[in-house]
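Let's take a friendly walk through this model together. Have the sequence and the 3D view open as you read.

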Amino acid sequence: EITNRLSGGVPFAQAQLYGAAAWTPLDIKAGADGANTLTLPKLGDGLYKLRLGLRPKDDSKPPIAADAWVTVAEPRESAIGLFTPRGRDAFYAGESFWIGVGLIAIGKPIPAGTALHVDLVDAGSRRFPLLKETLDGAVKDRATRILRLDGGATLHLAPGRYRVEATLGSVGSRPLIFDLASPEQKTHFANVMMGKYSSYGERYGQVLRTGRGADELARELVDQGCNGFKGMAYDMDRVVRADAVIEQVVRERPELGPWEAYAQPSGRDRFLNACVRHNLRFWENLFTYNDTSLPRGDNILAACGRYAGLEVHSMQHSPAFQGVCLYDEIYWRSLNDGVPVVTAFEQALELNYRAKHRDLTSAKAMKALDRYVGRPPEQRNIQDLETFRTYPAYEDECWRLWCDQLVGSVKTVMPSSRNMVLNRYWGGNGGNISANGREEDVYARLEIAACVMYKDGGYGDRPVFAPMQADVMRVAGKRDVW
């Protein structure tokens with residue numbers, strides 16, 4: 001027997017102003033044949049989340065509801081709105097940035113001589129005029145003013161929360177609220193939380209996908225004493241704007257002002273904003289597919305380089321962004337890769353090795369080693385050994401080619417970036433020296449040498465791994481060792 005638990009349920013409706021936490025109950029009356037009448041009170045102009053649902057007769061059961069974005073606005077002849085680049089809502093004291101002021105004419109032009117005022121208001125309600133003028137000419141459709149705050153001006157503002165208010169004649173804007181944070185660090189030590197193999201990596205991935213929880217994550221990391229975080233997400237598409245539909249809803253209601261005032265940052269941009277707000281430095285992890293093989297082949301390396309450049313370009317606007325972890329846990333060969341991937345890498349390796357050593361193949365190099373070790377010492381030909389060594393030497397070179405490709409792309413976009421890799425080491429004796437690429441090749445163009453090591457079974461504790469590893473990683477020159 002099927003039981004309809006919603007039978008006899010009571011319909012309900014709520015509205016939540018965009019950016020607010022409270023819900024306003026709405027009057028809804030049930031009618032015949034499932035029809036209901038919804039009456040909107042005087043909510044005030046704005047964007048609202050409308051929730052319609054049904055509460056079961058049994059109070060112990062949860063209600064069922066659906067949400068939709070709606071707009072409410074009185075008819076008017078003009079509108080004004082405020083926005084920042086990429087929807088940023090946090091800046092550093094001493095940072096230069098700009099605020100956009102968008103004007104929209106509705107139905108007829110905004111006449112010349114209309115007053116345009118923009119004020120910065122601090123937490124104590126003190127007002128600092130940013131713009132006070134009258135329009136030189138009529139605005140027929142829309143117009144934009146850019147107000148630039150240079151670093152000298154923002155350096156003289158106390159850290160805290162500010163709002164920007166604008167008026168166009170008698171029409172006011174929705175306030176633009178932002179935080180100004182101090183960039184000063186409490187310590188010179190880098191207390192960096194790695195997202196790899198921790199709950200923070202999964203939480204960061206959820207922020208990327210949904211845009212929710214960014215501020216809570218950044219605040220929790222700082223509360224634990226961290227001043228840096230390295231992201232960890234297995235998704236390669238990390239620019240997700242989950243609420244982009246809001247922009248289209250506002251586009252269709254010019255009375256609310258320019259849609260840019262409601263621009264929806266991606267989940268990662270929201271996290272970068274939170275990093276600035278809480279003074280948390282950030283590194284993104286680029287290639288992080290678990291236990292993968294070293295990419296090889298000119299076309300594959302070029303594609304990886306393009307991806308790295310695009311990723312850095314999408315983050316360099318934020319002062320919290322420091323650079324990238326090029327990759328983590330990459331091996332020379334991995335059984336986790338699919339057959340097409342392994343085939344492409346192996347073919348590229350063989351063809352490029354032959355191109356570098358015209359008279360050789362990998363098979364000839366291996367046979368040369370067989371000849372060398374298969375003969376008595378007095379009959380060995382040193383040339384056989386030298387022939388063989390060209391092959392592992394080229395394997396080492398492949399690590400340099402991979403790292404150089406990525407670093408070159410990253411530095412082209414952001415020369416000031418400070419980058420790293422999480423080089424995979426083993427904990428057993430000998431496995432902590434050039435296990436996956438020589439340190440001289442892997443760390444050659446990086447500012448930070450870092451590694452990852454864990455045990456997959458019964459080796460026991462390794463109390464001296466860290467101090468030994470620091471010395472191994474320093475052979476590649478002067479740089480930070482994490």
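The sections below cover the model, a sheet, a helix, aromatic pairs and cysteines.

## About the model

This is a predicted model, in which local features need pLDDT of at least 70 and side-chain atom pairs count only at pLDDT 80 or more, while totals for chains, interfaces and linings use all residues. Residues are numbered from 1 along each chain as its sequence is written, and side-chain values use heavy atoms, with hydrogens and water left out.

Helices (H or I, at least four residues) and strands (E, at least two) are DSSP runs, numbered from the N terminus.

Strand S4 (residues 46-55) is joined to S5 by nine bridges, and the two run antiparallel. Look for leucine 54, which stands opposite isoleucine 64 in S5.

## Helix H7 and its neighbours

Helix H7 (residues 339-356) has 18 residues and spans 26 Å from first C-alpha to last, close to the 26 Å expected at 1.5 Å a residue; the expected span is 1.5 Å times one less than the number of residues.

Phe345, Ala348, Leu349, Glu350 and Tyr353 of H7 are buried, meaning under 20% relative accessible area with a 1.4 Å probe, protein chains only. The buried residues of H7 pack against strand S18 (292-293) and helices H6 (298-313), H8 (362-374) and H9 (382-413), where contact means heavy atoms within 4.5 Å.

## Aromatic pairs

The whole structure holds 20 aromatic pairs, counted when ring centres of Phe, Tyr and Trp (its six-membered ring) lie within 6.5 Å; planes under 30 degrees apart are stacked, over 60 edge-to-face and the rest tilted. One of them is tyrosine 204 with phenylalanine 271, edge-to-face at 5.4 Å centre to centre and 65° between the planes. Tyrosine 204 lies in helix H2 (residues 199-210) and phenylalanine 271 in helix H5 (residues 267-277), so this pair ties together parts 67 residues apart in sequence.

Tyrosine 204 is buried at 0% relative accessible area, and phenylalanine 271 is buried at 0% too. Elsewhere, ring pairs link Phe287, Tyr307, Tyr327, Trp399 and Trp402 into a cluster.

## Cysteines without disulfides

How many disulfides does the structure hold? It holds zero, a disulfide being a pair of cysteine sulfur atoms within 2.5 Å. The sulfur of cysteine 304 is 12 Å from the closest cysteine sulfur, in cysteine 403, too far for a bond. Cysteine 304 counts as buried, at 10% relative accessibility. For cysteine 451, the closest cysteine sulfur is in cysteine 325, 11 Å away and too far for a bond.

How values were computed
Buried means under 20% relative accessible area, exposed over 50%, partly exposed in between (1.4 Å probe, protein chains only). Two strands pair if DSSP finds at least two bridges between them.
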